[in-house]
Amino acid sequence: MVETTIRQKRYRFVVYAAVLSLALLSLFFISVMIGSVWFSPETVVGVFFGTEGSSTITSIIMGYRVPRVLFALFTGLVLGISGGVMQTLTRNPLADPYITGLASGAALGAAVAFVMPGIPLYAIPIFAFAGGILMLMLVMFISRKAGSGPLNFILAGLAVGTVASAFLMIIITSASNASHGILYWLYGSFSTSSWSDLWTAAFIATPFLIFMLLKSRDLNILIFGEDHAKQLGINSHRLWVALLLSLSIAVSACVAFCGVIGFIGLVAPHIMRLLVGSDNRFVLPLSGMMGAILLIVSDDIVRSPLNPLFEMPVGSMTALIGVPFFIYLLIKRGKNFDL
Amino acid sequence: MTSEEPALSLECVTVELGGKRILDNINAKVMAGEVFGIIGPNGSGKTTLLKCVSRTISPISGRISIRGKPIDAYSDRDFSIEVSAMLPHWPSGFSIDAYEIVLMGCRNRTKGIWWEGGEELSVVDGVLRQLNATNLIHRDFDTLSSGEQRKILIAKSLAQRTGIVLLDEPVAYLDLKHKLEVMEVMRDLASSGHTVVMSLHELELASKYCDHLLALDSGNVKFFGTPREVVTVDLLREVYGVQAYVRWDEACNFATIIPRSSKDRRGG
């Protein structure tokens, strides 16, 4: 009875996972072809197998495009999974990974690095990462004082995030020479992504990503709150804090390099929930893949020669693509969003 | 374990919440294999008492033990194997199928971190069949009626397979047939050696199905004993502030309560 249902659900999950993996793989290949110069599929295959004669083409593809696409893929994965975790942790379907003020904190950190004299460009990610984590600590401290519970946590995040945004605005308006750089960073871009960025972010984020995935079954139980989970033998408060720290560190590690990319963390888990239900064992991995797909597509559009004059920030593109999709699903299957 | 040792005992349990005394010096002993009912008006401390036993809130003083061992001495995991509790819940905001909630109940015994094992699934099937709730499994929990939600939450508690089952108003919102079904299941549990502690407002059901009743009023124990000793005209007057007749059916051993309104004074 229940077993048949579960088997059907698992089967459906495997099908979706296979489809999304295949989509990701082909998307990766196509994305490497796209850019200010378009390469043919044969050229790309040639580069991958080391038979391409031109060293310029090889260095464009291997040194520039592949790390960029992979960084977008990894960031999408992190944002998709973290978004799903955050929505369950706060029991708020409208939450995204930045709800702790992490985005404003990282942005403030980056802005400080931009305007302070003597700070080299490569140090910006360190400042952004530190800003995000500091902000999280502050929010956790305040919400602890206010009494635990998701609502206190969200409110503390809102308050601290607003203060950080205020400081950010002061910096942007007062340092006019740096404001373009800050704004550009704020909306996210993969234009500077390199292999070393990718390895650094992946090195920091991957353990936490795996931890979150392994805890998806227990995360399901947290949907009904800490008391409920505690009765099932889960050290719910410790789990809550551990998951929150994990997702924040993972997200900060990516955001520090590519800037604040919105909507993926909100939209990707919802899309997958509409397709496979609320079980996080299904939602989290698929939501990660969906996040990666959305982000790669957004970045493809941003750097395709369709807009040759300037490169748009990828964060606005994720919104332009993700939100209509979200609205479509909302209208079509809105009953699932009843609060 | 001696048969004399209570499955659950409370000694001088006192609880204060927000500076207000909710439970005052409660003593109680519950033996294994009995259905123990906690009755009393709204706000008398029934839910608080259950929350203390389930370690959801901690008393400011007193001692609660399971088979002689204080509940604070259990690890979360061990405690979840001893005691399950059906307590008030809030809507999740996510659409979750009812069977997924029942499956959560198995979490206390599983080693696997990812999929549920076949044994767990058969436990869930058994519990759902026992409660006659198999028709609900594919429904979104938040769209179930209050009574149906109760049934699913009871099923979740039973899926925990604990020696002690705590239930906060398990039959509230259920219709008469389902109330009886649930109470029969509780009796079955008790006769298979489980200990069932529940709060309830239905005194007639309490009189029929419970072995002992504890009547709370403003955090104090006002009456304690067998249903025959507790469900009396005095209980209704002193604890509930209601004038009523109580009739005991000798054959079936249950009480019938007929309220007296001011109009039928002359008949009283």
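Which strands of chain B form an open sheet, and in what order? Four do, in the order E2-E1-E4-E5, and the pairing is antiparallel.

## Basis of the model

This is a predicted model: local features need pLDDT of at least 70, side-chain atom pairs count only at pLDDT 80 or more, and totals for chains, interfaces and linings use all residues. Residues are numbered from 1 along each chain as its sequence is written, while chains are lettered from A and ligands numbered from 1 in the order in which they are written.

Helices (H or I, at least four residues) and strands (E, at least two) are DSSP runs, numbered from the N terminus. Two strands pair if DSSP finds at least two bridges between them.

## The antiparallel sheet of chain B

The edge strands are E2(B) (20-30) and E5(B), each pairing on one side only. E1(B) and E2(B) are antiparallel over 7 bridges. E1(B), residues 8-17, also pairs with E4(B), residues 61-66, in the antiparallel sense over 5 bridges. Leu8(B) has a bridge partner in each neighbour: Val30(B) in E2(B) and Ile66(B) in E4(B).

E4(B) continues to E5(B), residues 69-70, through 2 antiparallel bridges. Here Ile66(B) stands opposite Lys69(B).

E8(B), residues 195-199, is mostly covered, with 5 of its 5 residues buried. A residue is buried if 20 or more other C-beta atoms lie within 10 Å of its own, exposed if 12 or fewer, and partly exposed in between; C-beta atoms are placed from the backbone. In a regular strand the side chains alternate between the two faces of the sheet. In E8(B), Thr195(B), Val197(B) and Ser199(B) are on one side, and Val196(B) and Met198(B) on the other.

E3(B), residues 35-39, pairs with E8(B) in the parallel sense over 4 bridges. Phe36(B) has Val197(B) as its bridge partner. E7(B), residues 164-168, is joined to E8(B) by 5 parallel bridges. One of the partner pairs is Val165(B) with Val196(B). From E7(B), the chain crosses through helix H6(B), residues 176-191, to E8(B) in a right-handed β-α-β crossover (with the strands pointing away from the viewer, the path from the first strand over the helix to the second runs clockwise).

The largest nonpolar core has 180 residues. Such a core is a set of buried Ala, Val, Leu, Ile, Met, Phe, Trp, Tyr and Cys residues joined through C-beta atoms within 7 Å. Ala110(A), Val102(B) and Val124(B) have the most contacts inside it. Helix H3(A), residues 55-89, gives the most to this core, with 15 residues.

Helix H6(A), residues 150-174, has 25 residues and should span 36 Å at 1.5 Å a residue (1.5 Å times one less than the number of residues). Its end C-alpha atoms are 36 Å apart, which agrees. Its buried residues include Phe153(A), Val160(A), Leu168(A) and Ile172(A). Among the elements covering them are H4(A) (102-115), H5(A) (124-145) and H7(A) (176-186).

## The interface

28 residues of chain B are in contact with 29 residues of chain A (C-beta atoms, placed from the backbone, within 7 Å). On chain B, helix H2 (76-82), strand E6 (83-86), helix H3 (98-104) and helix H4 (118-130) each supply at least two residues of that side.

Notes: Two residues are in contact if their C-beta atoms, placed from the backbone, lie within 7 Å.
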